[in-house]
Amino acid sequence: MNLLKSGAWVVLVALLHASGAAAQIVNVQALFDEKAEPGPAAAIELGGDWRTGSTELFAIRGSLVGQLRSERDVWLGVIRGEYSFASGERIVSQVLEHVRYRRKFTDTVSGEVFAQHEYNEFRRLQFRALLGAGPRFILLNEARLGFTFGVALM
């Protein structure tokens, strides 16, 4: 097949010209409780620091993780935020929200879709949104060891 006539050259040029995404990776896969029973589950984490001395530091952070599981479906939601002040000036201001849905098709194949929003004042992110979807394959699922492979278009 002639590369120039097929139009594949356009895709090749676009791939060679494309720049890499410069964004922070957020690993939400580790937040899934793979062995959880069907039903809802949630975890809340709150923390803070208050330090005095040559520099006054105040920081507050929190997260909420929720999971709703049935035999074939799993929903995961994550909200994280952090605000910090040093000597009266804000030095950290960030929020992340992520929601993910997983549908089991067979014992080894499932699909996922997700959406994410991030705000980070000091990385100059006023609005960063991410949407994605892709397949997920369970290659090994033993009591003490598991190996899963997935790929997503974002």
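Ground rules. Residues count from 1 along each chain as its sequence is written, and side-chain values use heavy atoms, with hydrogens and water left out. Because the model is predicted, local features need pLDDT of at least 70, side-chain atom pairs count only at pLDDT 80 or more, and totals for chains, interfaces and linings use all residues.

The sheet. Seven strands form an open sheet, in the order E1-E2-E3-E4-E5-E6-E7, and the pairing is antiparallel. Strands here are DSSP runs of at least two residues, helices are H or I runs of at least four, and both are numbered from the N terminus. Two strands pair if DSSP finds at least two bridges between them. At the edges sit E1 (39-51) and E7 (146-150), each pairing on one side only. Take E6, residues 125-141: five bridges join E6 to E7.

Now the core. Which residues make up the largest nonpolar core? Six: Val28, Phe32, Val65, Val74, Leu76 and Val78. Strand E3 (residues 73-86) gives the largest share, three residues. A nonpolar core means buried Ala, Val, Leu, Ile, Met, Phe, Trp, Tyr and Cys residues joined through side-chain atoms within 4.5 Å. Buried is under 20% relative accessible area, exposed over 50%, partly exposed in between, with a 1.4 Å probe and protein chains only.

Last, alanine 36. Alanine 36 lies in the loop between helix H2 (8-17) and E1. Its C-alpha is 9.6 Å from that of leucine 68, 32 residues apart along the chain.
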